[in-house]
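Open the model in your viewer and keep the sequence panel beside it. The stops below say what to select next and what is there.

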Amino acid sequence: MRRVPSGELPIILQTNMTSSTLIKNAMAILTGGSGNEGDAARLRGPDIRIVGDTIDAIGVLTPQPGETVVDATDCIVYPAWVNTHHHLFQSLLKGDVAGLNASLTPWLAATPYRFRALFDEKRFRLAARIGMIELMRSGCTTVADHNYVYYPGMPFDGSAILFEEAARLGLRFALLRGGATQIRGLEAELPTALRPETLDGYLADMERLATHFHDPSPRGMQRVVMAPTTVLYSISPEEMRATAAFARKLGIRMHSHLSETVGYQDRAQTMHGRTPVEFCGDNDWLGEDVWYAHLVKVDPHEIALLAETRTGVAHCPQSNGRLGSGICPIREMADAGMPISIGVDGAASNEAADMISEVHMTWLAQRARLGMAAQPTYRGGSFEGGADAASVEDVVHWGTAGGAQILGLGEVGRIAPGYSADIAIYRLDDPRYFGLHDSAIGPVASGGRPTLAALFSSGKRVVTEDAIDGVDLRELAHEARAAVKQMLAEV
Ligand SMILES: [Zn+2]
């Protein structure tokens with residue numbers, strides 16, 4: 001029996017009214033446990049029972065009367081991905097020619113800031129929908145979007161649109177509410193739609209959003225996070241302390257961009273005589289309720305400071321590669337004890353903003369990065385290459401349970417009894433995956449886009465054989481092409 005509160009009289013639901021689904025005969029299950037967790041990172045299964053929105057049992061299970069059975073023969077099962085950093089509005093800005101070969105600062109001017117003022121309600125909604133659907137079809141059910149399209153007198157409520165679109169698709173959504181009270185030089189000549197907010201206006205909207213949308217429960221389907229766009233550029237040190245205090249008063253988490261390029265190191269040094277991470281610590285922006293996107297350019301002592309304060313990272317390797325920023329040292333960060341997660345970042349700097357592409361890149365880039373440090377023995381080297389920098393289990397852990405931890409979601413990101421039933425079932429039916437000795441590693445090690453036989457979000461089946469109910473991809477493609485054409489004519 002389950003009690004559901006409802007006004008004066010409690011309504012009693014019979015448990016036999018709760019839906020039950022049996023995922024049967026999975027070939028392999030990765031649980032979301034890290035490589036360090038040994039056997040716990042994998043389950044033989046082969047069956048998983050979902051009751052309501054929860055994983056109920058794992059093992060050799062017999063179908064019960066009336067139970068829906070999903071045949072997972074020859075399929076690989078992962079926890080659904082948790083994406084911890086994105087800018088969904090950029091889903092209509094892929095491959096902009098003017099910014100294609102530019103590093104961060106010129107790219108910001110060429111692409112996101114040049115087009116941002118052209119986003120009306122219709123385009124904003126379309127972009128959000130495209131980005132969410134792209135993520136879903138890679139097996140992602142939790143999306144954290146760092147939206148910074150806000151300005152005084154804005155004629156539409158972008159925050160509400162994002163929550164609506166996520167709810168329509170059945171996704172868990174965290175709004176990382178960006179904002180700026182000061183503008184970078186490069187934004188100064190741009191349209192009024194790029195005007196900064198006042199601190200009071202920003203905080204008032206944070207309070208409104210937290211009151212209307214924030215669900216602090218361990219599986220909350222809607223979360224709100226204080227996320228000034230770039231703490232080093234968007235707000236003053238005094239405002240950093242004010243936003244941190246306000247977020248902690250509201251009981252919400254904190255997020256921003258940090259140390260994406262050497263430009264951050266130069267600014268922190270020039271303006272404050274500190275490293276970027278030291279500067280954030282000076283202004284109350286470190287802690288287990290904080291995570292930063294990128295952290296590509298960090299010194300060893302900064303990693304120690306981040307680990308000591310349990311500050312997390314959203315690793316975005318494809319965007320960091322696309323903009324030529326570098327590779328975040330997440331192996332060193334994980335070894336130091338930092339919480340690690342993976343984000344796709346906005347599609348204006350990542351033309352493959354899906355989680356399979358991102359975790360494939362994560363797996364390879366950490367190995368390549370460590371390998372770059374190898375030296376011949378005659379120069380004092382002690383190892384040949386970096387192939388032990390990231391196992392497939394580590395990458396799955398960072399992209400699932402790691403992300404859930406960083407978002408403060410306590411029962412999300414693992415395949416284990418009692419956890420939210422967020423489950424991706426992949427069928428490896430492309431020649432890319434044929435001949436694998438260990439099929440379980442296919443989605444991460446081989447990359448590509450495995451057929452998504454099923455995706456469950458909080459126990460609800462939201463994808464079946466790559467298809468999403470009510471979504472016509474041809475129509476979506478047509479709308480995207482038309483919107484891009486119009487924006488190019490207007491910009
Ligand atoms: Zn970003």
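**Two domains**

Begin by colouring the two domains: the domain assignment of the protein gives domain 1 as 13-79 + 419-464 and domain 2 as 81-406, with bounds that come from an automatic or database domain assignment. This is a predicted model, in which local features need pLDDT of at least 70 and side-chain atom pairs count only at pLDDT 80 or more, while totals for chains, interfaces and linings use all residues. Residues are numbered from 1 along each chain as its sequence is written, and side-chain values use heavy atoms, with hydrogens and water left out.

The C-alpha centres of domain 1 and domain 2 are 29 Å apart. Their contact (heavy atoms within 4.5 Å) takes 34 residues from domain 1 and 26 residues from domain 2. About 2200 Å² is buried between the two domains, and carbon and sulfur atoms give 59% of that area. Buried area here is the accessible area (1.4 Å probe) that two parts lose on being put together, summed over both.

Helices (H or I, at least four residues) and strands (E, at least two) are DSSP runs, numbered from the N terminus. Two strands pair if DSSP finds at least two bridges between them.

Now centre on strand 9 (residues 75-79). Buried means under 20% relative accessible area, exposed over 50%, and partly exposed in between (1.4 Å probe, protein chains only). Because five of its five residues are buried, strand 9 is largely enclosed by the rest of the structure. In a regular strand the side chains alternate between the two faces of the sheet.

Look at the partners of strand 9. Strand 4 (residues 28-30) pairs with strand 9 in the parallel sense over two bridges, and Ile29 has Val77 as its bridge partner. Strand 18 (residues 423-427) pairs with strand 9 in the antiparallel sense over five bridges; there Ile76 stands opposite Tyr426. Going on across the sheet, five bridges join strand 18 to strand 19 in an antiparallel run, with Tyr426 opposite Leu452.

Stay in strand 9 and pick Tyr78. At 0% relative accessibility, Tyr78 counts as buried. The side chain of Tyr78 reaches the backbone oxygen of Ala440 at 2.6 Å. Tyr78 and Ala28 are 50 residues apart in sequence, yet 8.7 Å apart in space, C-alpha to C-alpha.

**Where the domains meet**

Show side chains at the domain boundary. Between domain 1 and domain 2 the count is three salt bridges, a salt bridge being a side-chain nitrogen of Lys or Arg within 4 Å of a carboxyl oxygen of Asp or Glu. Select Arg42 and Glu393, whose side chains meet in a salt bridge (3.0 Å, N to O). On the side of domain 1 that touches domain 2, strand 9, strand 18, helix 15 (442-445), strand 19 (451-457) and strand 20 (460-464) each supply at least two residues. Strand 19 gives the most, with four residues.

Glu393 is in helix 14 (residues 392-406). At 15% relative accessibility, Glu393 counts as buried. Leaving aside its neighbours within four places in sequence, Glu393 is in contact with Gly33, Ser34, Gly35, Ala41 and Arg42.

**Other salt bridges**

Select Glu465 and Arg427, a salt-bridged pair with the closest N and O atoms 2.7 Å apart. Glu465 lies in the loop between strand 20 and helix 16 (473-490) and Arg427 in strand 18, so the pair ties together parts that are 38 residues apart in sequence. Glu465 is partly exposed at 40%, and Arg427 is partly exposed at 24%.

For the last stop, select Glu121, Arg125, Arg129, Glu164, Glu165 and Arg168, which are linked in a network of salt bridges. Arg129 is in helix 3 (residues 121-136). Beyond its neighbours within four places in sequence, Arg129 is in contact with Glu165, Arg168 and Leu476.

Key. A polar contact is a pair of N or O atoms within 3.5 Å; within protein, one must be able to donate a hydrogen and the other to accept it, and residues adjacent in sequence count only if both atoms are side-chain atoms.
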